[in-house]
Amino acid sequence: MNLLSRSLVWRLVFSMFVLSVIATTIAAGLAYLRARDALSQSILERLTLAATLKENELKRIIGEKKTSMQFLASLPEFRMYASKLHGTSRTQMSRSRAALRKILAEPMVQDLGFREILILEAQSGLVLFSTDAAHQNDYRTLDRFFIEGSKGIFVHNVHPWPVTFQPTMTIALPLLTLHGDSIGVLAAHINLDLLNDILFEHSGLGMTGETYLVDRYNVFVSSKRFERKEYVRGVHTPGIDAAVRGTDSSGLYQNYAGVPIVGVFRWLDDFEIALIAEIHQSEAFEPARRLAMSVVSSGMLLAVALAIGIYLLSLQIVRPILAIKESAVRATEGDLSVMAPVEMQDEVGILARAFNAMIGNLRTTLASLRQELKERQVVEDALRQSEIRWQFALEGAGDGVWDWDVRTNRVFFSHRWKEM
């Protein structure tokens, strides 16, 4: 601070450097905001495209599952053994179940991606057969997939499976004998991990991009996510809540883990689930931050270069002022012979000429004062000599009186005789 208060050059350099830094900061901030806006639009378009692709892929997968179920229900051997699950002896039913398990264990059926396949009796909803033996002899009379599946092929969208309470999706359709008589309902629970595999593909969404499904109860459709204990009461974010309400939109908000993200969310009526596509803001806006840092670093380098340039230029500008300063210092020390150099015709030159004129006037005034002082000294000397003479005259004078001669401007002594 002492340097700034004592040096005009450093004040100029410091002021310009501070202004440069402020301008650089403002430019970097504006660049970041503009880049962020542009990136937001681009990211939202990418997320929207990703969500659309995922939705179409889900439709394709479900369509394939429906076709697979129709194919399975049309297999003559499968229909034959299924028709012997009811109204026959226990031995015959056991053999039929074993034969059905053998058919369903074939790689071709395993590749269909069903988690559980069931055959339900047409009237009561009794589970005559299940790939999960623990569910045989259960009654699913009131289940929607049983009711609708008895009428035709039906996809029961994501719903909590009453047995495990985990999200599931079920496809059901009528199962007929080789003669066209009703056996019951053939149903299959889709392995949702297949959907997860589709959703977990980043598809150009970067390292932190992800898509996932949430049902109408705010529960993750993904079995892996559903198993997380922190979401036992459902997951809530601005995007998820809006999508579950049927709103299709996008925005910037915090995801289920509290991380700021850019998200696109929509409600899929065909599946009665919400599809959310998100990417972390830290990754989405990284190019904007790099741009801002580039502007800051470039601006700081330019500010330093500008400060150096201003310093050198200031030396050239301030040099005549410094010369005037030196002349003023010498003048205050008593050297009135000093003259400030006049190198320019600008304000600094005018200042130098004014200083020189002031010094000249000061020399003239000082000379006049010296002359006046000399004259006063002469007068004072004369007065002192006259006073001495007056003293001598007073000592030797008789009766008389001192008087003043106005014409000659002199003092004289006159005798006066006493009257007798």
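A polar contact of 2.5 Å joins the side chains of Glu-116 and Ser-130, a polar contact being a pair of N or O atoms within 3.5 Å in which, within protein, one atom must be able to donate a hydrogen and the other to accept it, with residues adjacent in sequence counted only if both atoms are side-chain atoms. The side chain of Glu-116 also makes a polar contact, of 2.7 Å, with the side chain of His-135. The model is a predicted one, in which local features need pLDDT of at least 70 and side-chain atom pairs count only at pLDDT 80 or more, whereas totals for chains, interfaces and linings use all residues. Residues are numbered from 1 along each chain as its sequence is written, and side-chain values use heavy atoms, with hydrogens and water left out.

Glu-116 lies in strand β1, which spans residues 114-121; strands (E, at least two residues) and helices (H or I, at least four) are DSSP runs numbered from the N terminus. Glu-116 is buried yet has no salt bridge, and Arg-115, the nearest side chain of opposite charge, is 5.7 Å away. Here buried means under 20% relative accessible area, with a 1.4 Å probe and protein chains only, and a salt bridge is a side-chain nitrogen of Lys or Arg within 4 Å of a carboxyl oxygen of Asp or Glu. When residues up to four places away in sequence are not counted, Glu-116 touches Ser-130, Thr-131, Asp-132, His-135, Ala-187, Ala-188 and His-189, contact meaning heavy atoms within 4.5 Å.

The largest nonpolar core has 57 residues, and those with the most contacts inside it are Phe-78, Ile-119 and Leu-186; such a core is a set of buried Ala, Val, Leu, Ile, Met, Phe, Trp, Tyr and Cys residues joined through side-chain atoms within 4.5 Å. Helix α2 (residues 8-74) gives the most to this core, with 14 residues. A second, separate core of 14 residues includes Ile-240, Ile-261, Phe-265 and Ala-274. Ile-119 touches, among others beyond four places away in sequence, Phe-78, Leu-100, Phe-129 and Leu-186.

Ala-99 is found in helix α4, residues 90-104, and is classed as buried because its relative accessible area is 15%. Ala-99 and Tyr-81, 18 residues apart in sequence, are separated by 7.0 Å in space, C-alpha to C-alpha.

Over the whole protein, the secondary structure comes to twelve helices and eleven strands, and buried residues make up 38% of the 420 residues. Of the contacts with a separation of 6 or more, 52% are accounted for by residues 24 or more positions apart.

Technical notes:
Buried means under 20% relative accessible area, exposed over 50%, partly exposed in between (1.4 Å probe, protein chains only). Lys and Arg count as positive and Asp and Glu as negative; His and the chain ends are not counted.
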